[in-house]
Amino acid sequence: MSSPKTTRWGILATGGIAITFTKDLLVDPKTRGVNNVKHTVVAAASSSSASRAEQFLKDVGASSDAKAYGSYEELVKDSNIDIIYIATPHSHHYQNAMLCLEAGKNVLCEKAFTVNAAQARALKEKAKEKGLFLMEAVWTRYFPLSIYVRELITSGKIGPVARVLSDNSMATNPEETWKDGKHRMVNPDLAGGALLDLGIYSLTWVFQTLYHTQDPKTRKPPQVLAALKSYGATKAADEQTTIVLNFPRSDEAGGDAHAVATTSLRIATTPGGNADAPGIRIQGPKGEIQVFPPAFRPTRTKLILSDGTVEEKNWAPFPGPGAGSGWYNGFGGGKNAVGEGHGMFWEADEAATALVEGRKEGKYEGLDESILIMEVMDEVRKQGGLQYPEKIETTKYPTQL
Ligand SMILES: NC(=O)C1=CN([C@@H]2O[C@H](COP(=O)(O)OP(=O)(O)OC[C@H]3O[C@@H](n4cnc5c(N)ncnc54)[C@H](OP(=O)(O)O)[C@@H]3O)[C@@H](O)[C@H]2O)C=CC1
Ligand SMILES: O=C1OC[C@@H](O)[C@H](O)[C@H]1O
């Protein structure tokens with residue numbers, strides 16, 4: 001067996017998820033049975049100061065020779081970096097990813113990929129022009145649990161999927177939690193709201209079960225009908241959104257299939273942390289697959305077949321030793337066992353493997369699928385009357401944010 005190839009990462013931004021991702025990155029891949037790639041963090045940048053980047057590198061346990069930069073512009077010039085992980089708010093992904101691609105760097109960019117589909121298309125074009133790898137960091141797609149669910153579907157276990165019900169909601173008490181309105185979860189300037197932050201996971205489950213599992217040559221985009229409830233005085237972010245999707249399919253493939261994707265900042269998928277009810281139900285004529293919350297980091301599945309078969313699986317704990325501080329939920333608070341991995345290393349392994357193999361896109365969600373999901377979210381926002389400020393919707397690069 002050949003020795004693992006090391007990928008050298010640069011980390012762009014030093015906020016909450018950057019810490020969790022980077023700690024996961026530094027977990028030995030052998031602990032999860034991965035032998036083809038290894039990861040090292042060679043640099044991090046903070047837009048606020050080099051000392052913040054320095055502290056970040058210390059906090060995550062990076063090697064003492066990793067470089068700390070006080071600007072993203074300096075980071076992208078570092079010739080020692082193979083790939084950059086972007087961990088800024090949604091509003092900034094387009095400008096930050098363009099900066100990296102223009103400088104010739106491969107990119108793994110946090111979800112939601114961009115603010116709109118036009119930006120996602122422009123990034124795809126730029127990556128193609130430069131011959132670079134580009135992937136949206138929808139980590140859930142790379143979980144062994146997700147691979148198992150997709151395999152159940154493609155093996156025909158429940159028959160052709162006829163309907164998917166998918167929720168990712170949190171009772172966050174937004175007026176209290178984000179009183180001043182500046183936090184990225186509610187701030188329109190940072191593309192705040194439920195849809196782009198949490199609804200992306202409801203759509204991820206719909207797409208990875210009902211679209212990604214179809215033949216890429218014949219699958220078609222869905223028709224979309226949406227209701228969106230806006231948040232706060234500015235009405236420039238959503239607090240609750242419901243999307244009905246119709247996926248056209250030939251009669252031989254099972255005929256049209258339906259999905260309902262829901263998201264909310266005000267009510268929970270399961271109140272009080274009770275995870276007994278499935279947040280995701282994938283239904284076919286021979287049975288259903290249930291996935292238990294949270295949709296972004298599920299650890300339990302249940303297959304129920306009409307012949308009476310019931311198969312429950314528990315996917316926790318994730319391999320470790322891991323981040324060591326519980327999972328990060330974007331605004332404080334963690335619930336998984338301290339010391340287990342968070343689960344972000346699987347997407348990092350895929351990005352590193354793609355670099356080794358010379359692939360330019362992620363295996364379980366290519367750029368066209370990321371763009372299609374952005375198109376769905378564009379349509380939802382259009383029907384719901386939600387537009388973000390022009391400076392973050394624009395494809396003009398560079399734009400000062
Ligand atoms: N996959 C997952 O499970 C999760 C993904 N996310 C995604 O990660 C991204 C970042 O979220 P999160 O880490 O929670 O956010 P944070 O607010 O904790 O961190 C964002 C970082 O981005 C940088 N930044 C640059 N410009 C701005 C700006 N104008 N306002 C705020 N921050 C800025 C800052 O880093 P610096 O000062 O160093 O430049 C900041 O620390 C989002 O896209 C979110 O959707 C978030 C949580 C979980
Ligand atoms: O990606 C995410 O997953 C967990 C959520 O709590 C967070 O807000 C979101 O950004």
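Predicted model: local features only at pLDDT ≥ 70, side-chain atom pairs only at ≥ 80, totals over all residues.
**The eight-stranded sheet**

β9 and β10 belong to an open sheet of eight strands with mixed pairing, in the order β8-β9-β10-β7-β11-β12-β13-β14. At the edges stand β8 (223-230) and β14 (310-314); each has a single partner strand, so one side of each has no neighbour in the sheet. On average, neighbouring strands here are turned by 10 degrees against each other, ignoring direction.

Two helices lie across parts of this sheet. Helix α10 (residues 367-384) lies across β8 and β9, at about 55 degrees to β8.

**The six-stranded sheet**

There is also an open sheet of six strands, and this one has parallel pairing, in the order β3-β2-β1-β4-β5-β6. Its edge strands are β3 (67-69) and β6 (134-137), each pairing on one side only. Neighbouring strands in this sheet are turned by 30 degrees against each other on average, again with direction ignored.

Inside it, strand β1 (residues 5-12) pairs with strand β2 (residues 37-45) in the parallel sense over eight bridges. Threonine 7 stands opposite histidine 39 of β2.

The UniProt record (an unreviewed entry) places the annotation "domain: Gfo/Idh/MocA-like oxidoreductase N-terminal" on residues 37-135. That span is 43% helix and 23% strand, and its end C-alpha atoms lie 17 Å apart.

**A helix tucked in: α1**

How many of the 10 residues of helix α1 (residues 16-25) are buried? Seven are, so the helix is largely enclosed by the rest of the structure. The buried ones are Ile17, Ala18, Thr20, Phe21, Thr22, Asp24 and Leu25. What do they pack against? The partners are β1, β2, α2 (50-60), β4 (83-86), β5 (106-110) and α9 (345-357).

In soluble globular proteins, nonpolar side chains tend to be buried together. The largest nonpolar core here has 117 residues, and the members that touch the most others are Trp9, Ile11, Tyr85, Phe207, Leu245 and Ile282. Helix α8 (residues 194-210) gives the largest share, 11 residues. The core also draws at least three residues from each of domain 1 (1-138 + 319-366) and domain 2 (144-314).

Leu245 is worth a click. Leaving aside neighbours within four places in sequence, leucine 245 contacts Leu203, Val206, Phe207, Pro222, Gln223, Val224, Ala257, His258, Ala259, Ala261 and Val376.

| Site | Backbone feature | Value |
|---|---|---|
| lysine 111 to alanine 112 | cis peptide bond | omega about -25 degrees |
| proline 293 to proline 294 | cis peptide bond | omega near 5 degrees |
| alanine 13 | positive phi | phi near 100 degrees |
| asparagine 173 | positive phi | phi near 50 degrees |

Where do they sit? Alanine 112 is in the loop between β5 and α5 (117-130), and proline 294 is in the loop between β12 and β13. Alanine 13 lies in the loop between β1 and α1, while asparagine 173 lies in the loop between β7 (163-169) and α7 (174-177). Alanine 13 counts as buried because its relative accessibility is 6%, under the 20% cut-off. Asparagine 173, at 44% relative accessibility, counts as partly exposed.

**Asparagine 116**

One last stop in the loop between β5 and α5: asparagine 116 is found there. Is asparagine 116 buried or exposed? At 6% relative accessibility, asparagine 116 counts as buried. Beyond its neighbours within four places in sequence, asparagine 116 is in contact with Met374, Asp378, Arg381 and Glu393. Aspartate 215 is 99 residues from asparagine 116 along the chain, and their C-alpha atoms are separated by 26 Å.

Key:
Residues numbered from 1 in each chain as written. Chains lettered and ligands numbered in written order. Heavy atoms only, no water. Core = buried A, V, L, I, M, F, W, Y, C linked by side-chain atoms within 4.5 Å. Buried < 20%, exposed > 50% of the residue type's maximum accessible area, 1.4 Å probe, protein only. Helix = DSSP H or I, 4+ residues; strand = E, 2+ residues; numbered from the N terminus. Domains from an automatic or database assignment. Contact = heavy atoms within 4.5 Å. Pairing = 2+ DSSP bridges. Axes fitted to C-alpha atoms, helices over the stretch in contact; angles between N-to-C directions. UniProt positions renumbered as here; feature names shortened; annotations may be inferred.
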